[in-house]
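These are my notebook entries on one structure, written as I looked things up.

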Amino acid sequence: MSLKTLDYLTRSQLQVLHDLGSVRNASRVLKQMDDYVSSFRDGENVYYLNSAGRERVGCKKVRKKTLQARHYIMRNSLYIGYGCPQTWKNEQSFEVPKQVKVICDAYFVEDDQFHIVEVDHMQKMSVNRTKINKYRKLINLGVFDKPPVFIWITTTDYRRKQLEHLCIGLDVQIFTVSDFH
């Protein structure tokens with residue numbers, strides 16, 4: 001079911017989510033699920049539901065080996081890092097019709113405050129700038145009761161610094177992938 005919800009998970013992420021213990025035990029458990037999951041290597045094994053697995057858990061989304069999987073894995077690192085929030089929702093839209101619309105990678109609510117998750121994997125910084133400006137407009141239009149906390153994950157310290165500059169004045173936490181290994 002976690003693969004239905006989170007799309008792609010590494011062996012180590014599955015190990016943490018399902019308390020699988022050692023690497024050896026996690027690998028053994030995942031090997032027993034061969035009929036329902038497929039995997040590929042990207043530093044470590046990355047798992048996703050195959051057609052039999054999708055049928056078994058009632059999942060309509062078809063996932064395949066793709067470079068985009070890293071985007072999901074980065075997002076899932078934040079999901080796990082924040083303690084698997086019950087209110088977590090992936091790919092959600094915030095909008096004021098005919099004015100501004102933005103789709104976040106994920107969000108969750110904690111203490112009546114939105115925490116908006118964004119993954120900076122391979123897009124141009126200009127795309128991030130546009131998205132941040134849309135969030136600023138949503139805040140100014142009163143979409144949120146309290147200004148949200150923005151949580152970014154990116155690939156390098158250089159990109160982290162660029163995001164910090166773009167997010168001046170916002171409540172933001174910016175991580176790199178290496179913060180989760």
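**Entry 1. Helices on the sheet.** I looked up helix H5 and found that it lies across S4, S5, S6, strand S7 (149-154) and S8. H5 runs at about 130 degrees to S7. I noted how such angles are taken: axes are lines fitted to C-alpha atoms, for helices over the stretch in contact, and angles run from 0 to 180 degrees between N-to-C directions. Contact means heavy atoms within 4.5 Å. Helix H6 (residues 125-140) also packs on the sheet, where it touches S4, S5, S6 and S7. The direction of H6 makes about 75 degrees with that of S5. Helices (H or I, at least four residues) and strands (E, at least two) are DSSP runs, numbered from the N terminus.

I wrote down the ground rules here. This is a predicted model, in which local features need pLDDT of at least 70 and side-chain atom pairs count only at pLDDT 80 or more, while totals for chains, interfaces and linings use all residues. Residues are numbered from 1 along each chain as its sequence is written, and side-chain values use heavy atoms, with hydrogens and water left out.

**Entry 2. The sheet.** In what order do the strands of the open sheet come? I read S4-S5-S6-S7-S8, which makes 5 strands with mixed pairing. Two strands pair if DSSP finds at least two bridges between them. S4 and strand S8 (171-176) are the edge strands, and each pairs on one side only. From one strand to the next, the twist averages 35 degrees.

I then went through the pairs. Strand S5 (residues 100-110) and strand S6 (residues 113-119) are antiparallel and share 5 bridges. Within this pair, I found Phe114 in S6 as the bridge partner of Val109. S6 and S7 are parallel, also over 5 bridges. Here Ile116 has Phe150 in S7 as its bridge partner. To get from S6 to S7 the chain passes through H6, and this β-α-β crossover is right-handed. A crossover is right-handed if, with the strands pointing away from the viewer, the path from the first strand over the helix to the second runs clockwise.

S7 and S8 run parallel and are joined by 6 bridges. Trp152 has Ile174 in S8 as its bridge partner. The chain reaches S8 from S7 through helix H7 (residues 157-166), in another β-α-β crossover that is right-handed.

**Entry 3. Cores.** A nonpolar core is a set of buried Ala, Val, Leu, Ile, Met, Phe, Trp, Tyr and Cys residues joined through side-chain atoms within 4.5 Å. The largest one has 22 residues, of which Leu3, Tyr47, Leu78, Trp88, Val117 and Ile151 touch the most other members. H1, S3, H5, S5, S6 and S7 each give two or more residues to this core. H5 gives the most, with 4 residues. I checked Leu78, leaving aside its neighbours within four places in sequence, and its contacts include Trp88, Val117, Ile151 and Phe180. A second, separate core has 19 residues, among them Phe94, Val100, Cys104 and Tyr135.

**Entry 4. Salt bridges.** How many salt bridges does the structure hold? The count is 11. A salt bridge is a side-chain nitrogen of Lys or Arg within 4 Å of a carboxyl oxygen of Asp or Glu.

I looked up Arg75 with Asp7, where the closest N and O atoms are 3.3 Å apart. Arg75 is in helix H5 (residues 69-81) and Asp7 is in the loop between helix H1 (2-6) and strand S1 (9-10), 68 residues apart. Both Arg75 and Asp7 are buried.

Arg75 also meets Glu91 in a salt bridge of 3.2 Å, N to O. Glu91 lies in strand S4 (residues 89-96) and Arg75 in H5, so this pair ties together parts that are 16 residues apart in sequence. Glu91 is partly exposed, with a relative accessible area of 41%, whereas Arg75 is at 0%. Asp7, Lys61, Arg63, Arg75 and Glu91 are linked in a network of salt bridges.

Terms used: Buried means under 20% relative accessible area, exposed over 50%, partly exposed in between (1.4 Å probe, protein chains only).
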